[in-house]
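Q: Can you walk me through this one? I'd like to start with the helices and then get to the charged residues.

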Amino acid sequence: MAYLAPIHRPSSVRHAIKLAFIAPDADDLIVAKANRLEIWAASPQQPDQLVLQHTRAVYGKVTLLHKLRPAASQTDHLFVATDRYHYFTLSWDAATQQLKTEASYVDVAEKAARDSQTGDRVAIDPTGRFMALECYEGVVNILPIAHAAKGKRKAADSPLGELQPPVPVRVPDLFVKSSCFLHKRQAGARPANPELALLHEDQGARVRLTVRELEFTPSLRPQEEPPTVELDKAREAQGELELGASHLIALPAPMYGLLVVGETSISYVEEWEYLVSATQPLAEATVFVAWCAVDAQRYCLADDYGRLYLLFVQQNAAGEYAGHQLDVLGETSRASVLVYLDAGRIFVGSHQGDSQVVQISGRKSVEILQTFANIAPILDFTVMDMGNRSSDAVVNEFSSGQARIVTGSGAYKDGSLRSVRSGVGLEDLGSLGEMGAPVSAMFSLRSSASTSAAVDTLVVSFVSHTRVFRFAADGEVEEVEVFAAFALAESTLHAGNLPDGRVVQVTGSAVQVSDNNSNSTPQSSWHPSPDSTITAVAAQGNHLLLSLSGATLLALDLSAPTTIRLQARRAFPPDEQISCIALSPALPNTCFAGSWAASKVALLDLATLQPLATARVASDENDLAVPRSLVVAQLLPHEPPTLFIGLADGNVVTYSVISPSEPFTNRKTMMLGTQQPNFALLPRADGLQNIFATCEHPSLIYGAEGRTVYSAVTAAAHAQSICAFDCAAYPGAIAIATAEAEIRLAAVDEERTTHVQTLPVGATVRRIAYSSALKAFGLGTITRTLVRGEEVVQSHFALVDEVAFATLDSYALDEDELVECCMRCALDDGSGAGGVAERFVVGTSFLAGEEGGEERMRGRILVFEVVEGGRRLKVLSTGVVRGGVRCLGFIGGEDGGGGGGEGLLAWSKRFAWPLLPKAVLQVVVYALEYQTPSTPFLVKKATYRTATAPIDLSVTGTTIAVADLMKSLSLLTYTPARAGAPESLTEVARHFDTLWSTAVAQVAEHTYLEADAEGNLVVLEHDVAGYSEDDRRRLRVVGDFRLGEMVNRIRAISVQPSADAVVVPRAFLATVEGSIYLFALIAPAHQDLLMQLQLLLAERVVSLGGVPFAGWRGLVRGGGGDSGGQGPTRFVDGEVVEGFLGLGREGQEEVCGVLGVGVEVVRGVVEGLRRVR
């Protein structure tokens, strides 16, 4: 049974619209990203910046957006259409601050109709009476909009401005490129019938413009029969339109008519006879992809090459059309949608690059004001590491934040490498440089006696001395030689401010309290006996808790101005000595102490240091993990504080501290790593606290949705010491001491997000391979440039450094040659001693031209070695083949490269004979052999003919899973030569169904995950122990799920889960829309619980538009058919299950009552699932 959860949500923007949605006077931008809607508004602090106001998932991929304004509403409504042919209108509920469904509609068109080949379109006529919806070829759905009808119908019976049920109308115009309603002159009191212009291609591939009059007849019996709509009255535009015509722009009054935008010209079609009366050629041919209106005369256009244009329509004295002028404004990302905001600002929504907000200046140029990261489309990706660089290290309590994923994203000039990591981000603010010695601890305090002043002093402690740095309000830093009465020649165990503003320093030999203004003499001090040393300190308010070598605890009271009072003292026997201590304002007059022996933690009375309660933190009697760090934090509002105990083996044990009489309740355990975690409290602005835990996997611990969240911290792998440093120059900052003895200031996120680092490549990164041994990436790239109106395409294979993301070397492929695939693997080094060397292998294809015969070369296999001295690429071997090399796999080692073995390459090739009607496709096995140590060559070993076209390979051992373009999945086994028999490839099993495959990976023994072009995921199992031969040859479906996004790549991962893990991560998936998902297998003990929980939560969720969960996640076949509402099979949607944590206590108890399981048990399971992603 499978589990799927998102790591990175879709970031591609295909649809956006501006409307007054949240408030009547608001200018809100609503953006659709796959199946999510986002509402953005101007920031009050920075009006030229947009901030996210709300986001919500939709049960379907959004295909259309439009705005409506019902007469009874003060705000606009949003019309939404999805790829599942659900249509609904949404409004904003100010009371609940949520989206609200106003109405939903059912598609009444014939399901046998073919989907629109040029994309869905929606338009509303200028009089606001009709909406035209085009989702099928040859069918236009007309949705009447209720309007006043001269008193014949009451408004209460038909609310003004509301959409009525759709009426399908057939039209003969197919392959419609663009459509729009025309602005019409008002001839009398009654408005003229709307006219719909359709730009389409006829059967002879000629572009035609047809204008159809919409005739509407209301029904006399609305409850029994629908109204009638006709689009039969049509007129053809007179004149020639270019073949590249792609967009229609209807001009408003008083110009009327419309503009036809093409690749080489822009034409004007007048309103009377629809005559193409004026055509102006473009200065340079281009392909326009989006446009938006700035005002009645100015329009912004975007082309396929990322250029933004301003189209100005000129008028004569009568206001009629008199020509137009087109100017280039500048370059942006390649636009999918343009939305004019205000004051010359335009939102550029992009599928191939980052979305942007740009400002048009008076100099006819653009300035980028804001950028929204987009990693779509993800063409390929690789997993660099799983949290450490050791291949055999155990990954405990897997979290996606441990994995660094590098994607090949974008297309052409917007192409880039993106490093994606889920976790808490650190933003560098500055550095104090290297300290010259390892830092043992850091402390922040105020140099002023005023308790309202911000901290401005950083005390840095080393093994043998202490340094003090003072920060000015403007960020200037000064190291001071003398500070108060601090002993800077000793190591500092604690430094801080007392409630009255005085400062205290604790060293191994003394406690000193001094005034901020004094420079030499402490006001009061306390010294242990000569034979004792202070080894640990806990401070809170006027109280200090000291540990003397772990054998004695002392409580000191510092409230008196000139004396330090010994409040309590207690000596411990050798078998009870102290390992760690803690004080907290949440528990006044008490303290916590951990013991070396018996793995115990005790709550002590601060007045006597006698135990009030004791708990053993080890999980069993044989576990002697020692408590090494303690902290009490208030992570959640309206909840008791939590005690965190860091054990020496890397585990963190937590208890809810209800009261001094109940300090050890609700025990939980989390493994952060294998080293002792140390805790640092980070105050939050809302009065709560976060905890920064330093170990080999630094983590931020915070509260969210009523639970405790552990999240990996990016870019903090070498942190040794942390302290909060909220100074005037760097508000909310923290100070970080690294293992390299450098001190940095950084801003840390308060909770977990997905962090993306970008390396612009300026080319399509079609394929990516990573070599940890070479510490480099191999990239297959494609560049596209426009030279004198002609596209020039060039492909390269580049070597890129893993740290700096800098290009080390690049190899240009031949003219008309494109990179198809690449991988890294360890191949025979030619020494004859059985050694292997790291290699990159690249498969290519040639663009087929009209010339050339059967013997024309159609593809190559290139084997590259990396010359270590200059880290340069060198072609080791070249194999010329007569087909394009579509995908590569490695037999004899780890998938995608590994240890030794025979060094065989499994690849698919296509023989495209120009004179034959069919293409022959094969999977071929090659071996790299050597004639001499310096002359390797490729030798064909075995072949296998596939059904249509191999799309992807997954190789495990000698088993090859082949994903076919149409015929789903086949399993092949490679048999080496034995007893004179040659090598062979044999089909052992097949999935006997039609699936348009896009990616495949093995996720468990004899189990495969396959994705198809409809956005489905299918889990297939090979029953090797089947009863009959037919059972053993048939791959059976054991799970299916509709993701709703096309998956481009699946990468299998291997982690060592804990014994009680709920799910076992098996693969990452990357989609065209920029999403990254984690695929996992559910442990048998939790399968029934999670399936029932998903069903119960899906029933409670009120989706937008009332779309059922089963209809959204059920398998989809070609043509848009659904699964009959059966929903996913043996698949659990992580987002639905994790919604349990968002329910109130009453809702959680209701769900758990049906399940028959305790609330805390279910919460623990779901919290574990959240940590995984």
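A: Helices (H or I, at least four residues) and strands (E, at least two) are DSSP runs, numbered from the N terminus. The expected span of a helix is 1.5 Å times one less than its number of residues. This is a predicted model, where local features need pLDDT of at least 70 and side-chain atom pairs count only at pLDDT 80 or more, while totals for chains, interfaces and linings use all residues. Residues are numbered from 1 along each chain as its sequence is written, and side-chain values use heavy atoms, without hydrogens and water.

Q: How far does α6 reach from its first C-alpha to its last?
A: Helix α6, residues 1159–1172, spans 20 Å with 14 residues, close to the 20 Å expected at 1.5 Å a residue.

Q: How many of the residues of α6 are buried?
A: 11 of the 14, so α6 is largely enclosed by the rest of the structure. Buried means under 20% relative accessible area, exposed over 50%, and partly exposed in between (1.4 Å probe, protein chains only). Among the buried ones are Arg1163, Glu1167, Arg1170 and Arg1171.

Q: Which salt bridge does arginine 1145 form?
A: Its partner is glutamate 1160, with the closest N and O atoms 3.7 Å apart. Arginine 1145 lies in helix α5 (residues 1145–1155) and glutamate 1160 in α6, so the pair ties together parts that are 15 residues apart in sequence. The cut-off for a salt bridge is a side-chain nitrogen of Lys or Arg within 4 Å of a carboxyl oxygen of Asp or Glu.

Q: Are those two buried or partly exposed?
A: Arginine 1145 is partly exposed at 47% relative accessibility, and glutamate 1160 is partly exposed at 38%.

Q: How many salt bridges in total?
A: The structure holds 56. One of them joins aspartate 83 and arginine 1042, at 2.7 Å between the closest N and O atoms. Aspartate 83 sits in the loop between β7 (77–82) and β8 (86–93), and arginine 1042 in strand β83, 959 residues apart. Arginine 1042 is buried, at 4%.

Q: What about glutamate 1045, what is around it?
A: Glutamate 1045 is buried and has no salt bridge; the nearest side chain of opposite charge, arginine 1113, is 6.8 Å away. For charge, Lys and Arg count as positive and Asp and Glu as negative, with His and the chain ends not counted.

Q: Which side chain does glutamate 1045 contact at 2.7 Å?
A: That of tyrosine 1077, in a polar contact. The side chain of serine 1075 makes another with glutamate 1045, at 2.8 Å. A polar contact is a pair of N or O atoms within 3.5 Å; within protein, one must be able to donate a hydrogen and the other to accept it, and residues adjacent in sequence count only if both atoms are side-chain atoms.
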